[in-house]
Amino acid sequence: MAILEEAFSPGAVVSDVARQYEVSTSLIYQWRREAMAAQEPMGFVAATVCEAPDDAGRRGADHPVIIVEFARGGRVSISASASPALVTAALRALR
């Protein structure tokens with residue numbers, strides 16, 4: 001999956017990525033076809049990293065540290081105290 005993300009990220013050249021990982025370009029395209037045909041669609045999104053406000057450390061562990069906004073309108077806020085299982089379940093539910 002990481003190779004696909006890298007190969008099809010903006011500005012990437014598939015042949016350069018294939019050469020870096022020592023695989024053929026046709027194999028990367030085959031992996032992409034298989035991923036697109038799978039039940040869980042693969043997607044690429046831009047991420048925006050924002051500076052934390054000065055008072056971020058004083059707000060406690062329940063303050064959201066990650067906010068995910070989905071293209072179809074879903075939104076989830078994830079606190080630093082959230083367990084990995086809870087985060088995974090929430091993201092799958094909002095997909």
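This is a predicted model: local features need pLDDT of at least 70, side-chain atom pairs count only at pLDDT 80 or more; totals for chains, interfaces and linings use all residues.
Reader: Which elements does the chain contain, and what makes a run a helix or a strand?
Author: The chain has 4 helices and 2 strands, in the order α-α-α-β-β-α from the N terminus. Both are DSSP runs numbered from the N terminus: helices are H or I with at least four residues, and strands are E with at least two.

Reader: Why is Ala7 called buried?
Author: Buried means under 20% relative accessible area (1.4 Å probe, protein chains only). Ala7 has 2%, and therefore counts as buried.

Reader: Where is Ala7 found, and which residues does Ala7 touch?
Author: Ala7 is found in helix α1, residues 2–7. Not counting residues up to four places away in sequence, Ala7 touches Ala12, Val14, Val17 and Ile28; contact means heavy atoms within 4.5 Å.

Reader: Why is α2 called roughly perpendicular to α3?
Author: Helix α2 (residues 14–21) and helix α3 (residues 25–37) pack at about 105°, with axes 9 Å apart. Angles of 65 to 115 degrees count as roughly perpendicular, so α2 is roughly perpendicular to α3. Axes are lines fitted to C-alpha atoms, for helices over the stretch in contact, and angles run from 0 to 180 degrees between N-to-C directions.

Reader: Which residues of α2 and α3 meet?
Author: Val14, Ser15, Val17 and Ala18 in α2 meet Thr25, Ile28 and Tyr29 in α3.

Notes
Residues are numbered from 1 along each chain as its sequence is written. Side-chain values use heavy atoms; hydrogens and water are left out. Angles under 35 degrees count as roughly parallel, over 145 as roughly antiparallel, 65 to 115 as roughly perpendicular and the rest as oblique. Buried means under 20% relative accessible area, exposed over 50%, partly exposed in between (1.4 Å probe, protein chains only).
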